[in-house]
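Have a look at the model below, and keep it open while you read.

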Amino acid sequence: NLSWSQGKLNNVISGRLKLNKYIQKSFQYTTLNTFDVEVSTSLHLPSSFILIAPSTLKTGGAEIGVEGNISLKPGDQSIDLRLAAKNGSIHLLANLLPNNVAASINEYQSTGEIQIDAKLKGRMSKGSSPALMINYTLENVSLTHPEFGADISGLNFDGAVKISKLSDLTTTKLSVTKATGALMGKPFDFTAEVINLIEPKMNLDFEGAIDAGWLSRQIGYDQAKSANGEIFVKLDYTGIIDGKVDAASEKMDGSIQLRDINIDLPSGTALTHLDGGIDFSPRAIYVTNLSGNWGKSDFLLNGDITGIKGFATIASSQTTLNIGAELKSEHSFLDQIVADIIEVTKKNQEEQVKNIPDVNFSLKFLISALNFRRFSGSEINGALSYDKPTLVVERFSSRTMGGEVALNGLLRTEQNGDIFIQAHSATNRVEVDSLFYVFNNFNQKFLTNEYLRGQLTSEAFASMYFTKEWSLRRNLLRAETKLKVSNGELNNFEPIMALG
């Protein structure tokens with residue numbers, strides 16, 4: 001309806017309007033698809049000034065109040081609009097934002113109410129762009145993501161979006177304050193801030209419980225369906241979130257508490273009843289009383305990981321991590337653990353996994369009982385360390401084979417690819433037949449364990465070189481050995497029996 005009065009062209013628009021999109025320089029914005037309108041405007045002539053009286057737009061159950069003014073005067077174009085929405089949805093909020101933000105938001109299905117108060121104000125001349133300010137409140141909102149399986153319920157918070165210059169998304173600031181809700185039924189709260197949508201940087205303060213099964217699916221773990229348990233996370237994070245590495249500006253502090261985590265490994269072995277704490281700072285990770293079972297083996301682990309230049313670079317072939325740990329176990333079955341490690345290594349090689357960091361480690365261990373192939377031992381303790389390219393065993397001792405054994409040694413990869421081994425070993429009253437049995441009769445069939453009896457006390461120093469194919473270079477073998485056999489017997493040995 002048009003009318004003219006006192007130099008003004010009055011217009012009342014009523015009906016259904018459909019808009020598709022508009023582009024602000026290089027940034028595309030999608031507007032509301034369809035909405036019912038009842039807008040009153042006045043065009044002041046000759047000043048080209050449009051006044052929008054308080055009016056309403058309705059879309060998707062939301063009611064949007066609109067008022068403001070637009071100046072179309074050449075050289076002095078400007079806009080001053082205010083939108084206030086009630087009973088809105090998360091998709092209504094997304095449609096007020098640039099497409100690179102809106103696309104990720106629109107992937108969620110939502111219920112609940114969102115209240116929005118938005119202002120678009122500023123000059124629109126060449127070199128100038130209006131500012132967009134949005135304040136919004138979420139009340140008891142539920143979100144579901146069909147791909148991630150994320151089910152967020154009871155979401156409540158106040159948020160704000162400020163784009164100081166609509167044509168320049170580097171001037172964007174998004175903030176969320178006092179957010180509370182539940183992820184997969186587990187409560188959380190957080191505050192967050194994102195600045196600069198071109199190279200977005202996030203500040204996040206999060207505290208809450210996360211379902212282990214859901215999390216393992218997000219990181220692409222093959223056996224995630226069998227995972228269960230709870231991970232309680234406290235996180236204070238600052239960093240770039242678009243995949244670029246910026247260790248200098250990244251900061252992450254917080255802790256993770258594992259609560260009865262159970263998960264299957266690809267080999268079929270289960271990690272069960274995992275409990276313990278993991279604390280992290282910008283350059284280190286600390287593990288406290290991490291306990292559980294690896295198959296039939298139990299463990300209690302304490303330690304730290306240092307050498308971290310930034311969490312964005314932790315999985316990088318250019319990173320060298322230093323791990324220090326102490327391991328305690330009542331009973332360890334190494335056959336299954338070694339098989340699992342081989343399986344993972346083989347899978348990484350088949351999939352040509354890259355960006356695996358170099359690792360140096362130092363491990364102290366105290367194991368009450370251990371089984372590995374034919375070996376059974378008790379009261380096992382010592383230290384194992386690796387500093388590329390050298391592996392060192394120190395103060396290893398065990399009760400086994402009816403007596404005691406001790407070992408110090410090292411294994412080093414030489415520049416030509418050879419493998420150098422140096423060892424100092426000692427035995428005290430070890431049963432000779434058990435020694436031959438455990439070492440598979442030293443890969444010979446002439447003199448085997450069933451013929452032998454007695455106790456061996458010995459001390460040996462040895463150094464040897466192997467090719468990278470583990471072929472012994474016999475000319476470089478050096479050994480010095482002292483042996484004492486007590487109560488020795490050679491029973492039913494056919495070459496001796498034939499002499500009688």
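First, some ground rules. This is a predicted model, so local features need pLDDT of at least 70 and side-chain atom pairs count only at pLDDT 80 or more, while totals for chains, interfaces and linings use all residues. Residues are numbered from 1 along each chain as its sequence is written, and side-chain values use heavy atoms, with hydrogens and water left out.

Let's start with charges. Side chains of opposite charge can pair when their charged atoms come close. Here a salt bridge means a side-chain nitrogen of Lys or Arg within 4 Å of a carboxyl oxygen of Asp or Glu, and the count comes to 13 salt bridges. One of them joins R259 to E230, with the closest N and O atoms 2.8 Å apart. That pair links distant parts of the chain, since R259 is in strand β16 (residues 251-264) and E230 is in strand β15 (residues 228-240), 29 residues apart. Helices (H or I, at least four residues) and strands (E, at least two) are DSSP runs, numbered from the N terminus. R259 is partly exposed, at 38% relative accessible area; buried means under 20%, exposed over 50%, and partly exposed in between (1.4 Å probe, protein chains only).

Which partner is buried? D418 is, at 7% relative accessibility, whereas R473 is partly exposed at 32%.

D358 sits in strand β22 and K388 in the loop between β23 and β24, 30 residues apart. K388 counts as exposed at 53% relative accessibility, and D358 as partly exposed at 32%. K388 is also joined to P389 by a cis peptide bond, with omega at about 10°. P389 lies in the loop between β23 (375-387) and β24 (390-400).

That brings us to the backbone. Most residues other than glycine have a negative phi, and most peptide bonds are trans. R373 has a positive phi, near 55°. R373 is in the loop between β22 (358-372) and β23, and is exposed at 66% relative accessibility. N441 also has a positive phi, of about 55°, although it is not a glycine. N441 is found in the loop between α5 and β27, but this residue is buried, with a relative accessible area of 10%.

On to the rings. Rings of Phe, Tyr and Trp (its six-membered ring) pair if their centres lie within 6.5 Å; planes under 30 degrees apart count as stacked, over 60 as edge-to-face and the rest as tilted. By that rule the count comes to 12 aromatic pairs. F446 and F493 make an edge-to-face one, 5.2 Å centre to centre with 80° between the planes. Why does this pair tie together separate parts of the chain? F446 lies in the loop between α5 (432-438) and β27 (452-466), while F493 lies in the loop between β28 (478-490) and α6 (494-497), so the pair bridges parts 47 residues apart in sequence. F446 is exposed at 56% relative accessibility, whereas F493 is buried at 8%. Elsewhere, Y136, F157, F188, F190 and F206 form one aromatic cluster.

Rings also meet charges. A charge sits over a ring if NZ of Lys or CZ of Arg is within 6 Å of the ring centre and within 35 degrees of the ring normal. The charged end of R374 sits over the ring of Y437, 4.4 Å from its centre. K296 does likewise over the ring of F333, at 4.6 Å.

Finally, look at strand β27, where you'll find Q455. Q455 is buried, at 12% relative accessibility. Its side chain makes a polar contact with the side chain of N487, at 3.1 Å. A polar contact is a pair of N or O atoms within 3.5 Å; within protein, one must be able to donate a hydrogen and the other to accept it, and residues adjacent in sequence count only if both atoms are side-chain atoms.
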